Amino acid sequence: MAAGAEMADVRLALDPFDPAAEIAAFNAAHPHAGGIVTFLGQVRLTGGVEALELKHYAPMTLPGMEELARAVRARWLLEGLSIIHRSGVMRPGDPIVLVCAAARHRRDAFAAADFAMDHLKSQSWFWKREKTAAGWRWIEPRAEDFTDLARWDHSASR
Amino acid sequence: MARLVFLGRLEDVAGMPQTEVPPGPVEQVLAALAPELAVALLDEKVRMALNGRLIGDRGAVVLGKGDELAFLPPVSGG
């Protein structure tokens, strides 16, 4: 395994972050990677949603994200991995989550980012609510989130 | 005292993010809360974590002084 493959940059961001700057820094840090997949999740602009709030539980949220990063690295051969997830109040267009996976070959990078996102959506310690003119409303996980997650139970590890 | 922490929508049901309670068996602690809150906390989809660790057998929990019991409804991240 290449030097640095054991490391993952995992952050719980309490303030806004700049995805372009994060991606540029990640790319520069992994010159040996032939493929880098980055996924950005942002607050979508839809009718009536004024704000989105993600809440976390300090004793468990970041430790859970670190455990997820370890699982991703154990499953795919990566040159590097970065997971940044916001907590706090966001507006449409604001970044929520950024996953960067660097690998020698692209398929490992695609799969690692996909796996990380499915687990961040429905198996990490975040609670989401949105604000409309009617007030705040908690968002429950969708059925698709669980079917997305279940895809990984039966697939080969590599 | 011990602390109860209410995550997600449970914070709205409780009307507060956390509260201090006298230590003791969890059923005794819940019995002292508003019935509507106790019912919401005992929903089968709500998980519990004692001092940051998920617990399997919810009925067996006894809160000691300084313990923190968190109630975790279904998550939604990303």
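1. Strands 1 and 2 of chain B. In this predicted model, strand 1 (residues 2-6) of chain B runs antiparallel to strand 2 of chain B, and 4 bridges join the two. Strands pair here if DSSP finds at least two bridges between them; strands (E, at least two residues) and helices (H or I, at least four) are DSSP runs, numbered from the N terminus. Within this pairing, Leu4(B) has Thr19(B) of strand 2 as its bridge partner.

2. Basis of the model. Residues are numbered from 1 along each chain as its sequence is written, while chains are lettered from A and ligands numbered from 1 in the order in which they are written. As the model is predicted, local features need pLDDT of at least 70 and side-chain atom pairs count only at pLDDT 80 or more, whereas totals for chains, interfaces and linings use all residues.

3. The sheet of chain B. An open sheet of 5 strands in chain B has the order 2-1-7-4-5, with mixed pairing. Strand 2 (18-21) and strand 5 (53-54) of chain B each have a single partner strand, so these edge strands are left without a neighbour in the sheet on one side.

4. Overall form of chain B. The chain contains 3 helices and 7 strands, arranged along the sequence as β-α-β-β-α-α-β-β-β-β. Its radius of gyration, taken over C-alpha atoms, is 12 Å; the globule rule (2.2 Å times the number of residues to the power 0.38) also gives 12 Å for 78 residues, so chain B is as compact as a globular protein of that length. Buried residues make up 27% of the 78 residues in chain B; buried denotes 20 or more other C-beta atoms within 10 Å of the residue's own, exposed 12 or fewer, and partly exposed the range in between, with C-beta atoms placed from the backbone.

5. Strand 6 of chain A. This strand is largely enclosed by the rest of the structure, because 9 of its 9 residues are buried. Strand 2 (residues 35-42) of chain A is joined to strand 6 of chain A by 8 bridges in the antiparallel sense, with Gln42(A) partnering Pro95(A). Strand 4 (residues 80-86) of chain A is also antiparallel to strand 6 of chain A, over 6 bridges; here Gly80(A) partners Ala102(A).

6. Leu98(A). This residue lies in strand 6 of chain A and counts as buried because it has 23 C-beta neighbours inside 10 Å. Beyond four places in sequence, Leu98(A) is in contact with Pro19(A), Glu22(A), Thr38(A), Leu40(A) and Ile84(A); contact requires C-beta atoms, placed from the backbone, within 7 Å.

7. The side of chain A that touches chain B. The contact takes 22 residues from chain A and 12 residues from chain B. Helix 3 of chain A gives the largest share of the chain A side, 4 residues. By class, that side has 14 nonpolar, 4 polar and 4 charged residues; Ala, Val, Leu, Ile, Met, Phe, Trp, Tyr, Cys and Pro count as nonpolar, Asp, Glu, Lys and Arg as charged, and the others, Gly among them, as polar.

8. Confidence in chain A. The average pLDDT (the predictor's confidence in each residue, from 0 to 100) is 91 for chain A, and 93% of the residues score at least 70. Over residues 1-5 of chain A, pLDDT stays under 50. Where pLDDT is low, the predicted coordinates should not be read in detail.

Conventions: Two residues are in contact if their C-beta atoms, placed from the backbone, lie within 7 Å.
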